[in-house]
Amino acid sequence: MVAKAKSKKNAENINSRLALVMKSGKYTLGFKTVLKSLRSGKSKLVIICNNCPPLRKSEIEYYAMLAKTGVHHFAGNNVELGTSCGKFYRVSCLSITDPGDSDIIKSTSE
């Protein structure tokens with residue numbers, strides 16, 4: 001019971017921080033643009049949904065490890081990640097290049 005409440009609060013925390021990034025920061029949505037931002041070294045944090053294909057997920061993690069960028073595994077699927085980004089379509093992964101007013105990079109590294 002307590003663990004479930006804590007995980008729900010953590011998910012709401014990520015969702016609210018993600019909404020703030022969408023308003024005030026810079027980001028890229030999608031696999032191709034995430035890889036481009038990782039290769040160019042602009043990415044600060046990468047968020048991957050839980051139903052992203054394993055090969056794609058491992059490729060993103062590998063590029064993030066080379067770029068020394070943090071990776072956060074989102075608790076929901078790609079529909080929920082798209083909804084928390086404020087979009088009406090599915091988002092499998094996103095890269096945050098500028099967090100704006102949000103402190104999402106510090107909070108996900110904990």
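1. Lys23 lies in helix α1. Helices here are DSSP runs of H or I with at least four residues, strands are runs of E with at least two, and both are numbered from the N terminus. At 76% relative accessibility, Lys23 counts as exposed. The cut-offs are under 20% relative accessible area for buried and over 50% for exposed, with partly exposed in between (1.4 Å probe, protein chains only).

2. A word on the basis. The model is predicted: local features need pLDDT of at least 70, side-chain atom pairs count only at pLDDT 80 or more, and totals for chains, interfaces and linings use all residues. Residues are numbered from 1 along each chain as its sequence is written, and side-chain values use heavy atoms, with hydrogens and water left out.

3. The sheet is open and has four strands, in the order β1-β4-β2-β3. Its pairing is mixed. Two strands count as paired if DSSP finds at least two bridges between them. β1 (26-29) and β3 (70-73) are the edge strands, each pairing on one side only. From one strand to the next, the twist averages 20°. Axes are lines fitted to C-alpha atoms, for helices over the stretch in contact, and angles run from 0 to 180 degrees between N-to-C directions.

4. Look next at β4, residues 93-98. β4 pairs with β1 in the antiparallel sense, over four bridges. Within that pairing, Leu29 stands opposite Leu94, and Lys26 has Asp98 as its bridge partner. β2 also pairs with β4 in the antiparallel sense, again over four bridges. There, Val46 faces Ser95 as its opposite residue. β4 is mostly covered, with five of its six residues buried.

5. What lies across β1, β2 and β4? Helix α2 (residues 31-40) does, and its direction is at about 40° to β4. β2 covers residues 45-48.

6. How many salt bridges does a search of the whole structure find? The search finds one. The criterion is a side-chain nitrogen of Lys or Arg within 4 Å of a carboxyl oxygen of Asp or Glu. The pair is Arg17 and Asp103, with the closest N and O atoms 2.7 Å apart. Arg17 sits in helix α1 (residues 2-24), while Asp103 is in the loop between β4 and α5 (104-108). The two are 86 residues apart, so the pair links distant parts of the chain. Arg17 is buried at 18% relative accessible area. Asp103 is partly exposed at 36%. Side chains of opposite charge can pair when their charged atoms come close.

7. His72 is in strand β3. His72 is buried, at 17% relative accessible area. Leaving out residues up to four places away in sequence, His72 touches Ile14, Leu45, Val46, Ile47, Ile48 and Thr108. Contact means heavy atoms within 4.5 Å.

8. Phe74 is in the loop between β3 and α4 (78-84). Is Phe74 buried or exposed? Phe74 counts as buried, at 9% relative accessibility. Apart from neighbours within four places in sequence, its contacts include Ile14, Asn15, Ile47, Ile48, Cys49 and Asn50. Glu80, Leu81 and Ser84 are also among them. Phe74 and Asn50 are 24 residues apart in sequence, yet their C-alpha atoms are 6.0 Å apart in space.

9. Tyr62, Met65 and Leu66 form a nonpolar surface patch. Together the three have about 340 Å² of accessible area. Patch members have over 30% relative accessible area and no salt bridge; like charges are joined within 9 Å, and nonpolar side chains (Val, Leu, Ile, Met, Phe, Trp, Tyr) within 5 Å. Accessible areas come from the Shrake-Rupley method with a 1.4 Å probe, and for residues only the protein chains shown count as cover. Tyr62 is placed in helix α3 (residues 54-67). Tyr62 counts as partly exposed, at 49% relative accessibility.

10. One backbone point to check by eye: Lys68. Lys68 has a positive phi of about 55°, although it is not a glycine. Lys68 is in the loop between α3 and β3. Lys68 is exposed, with 77% relative accessible area.
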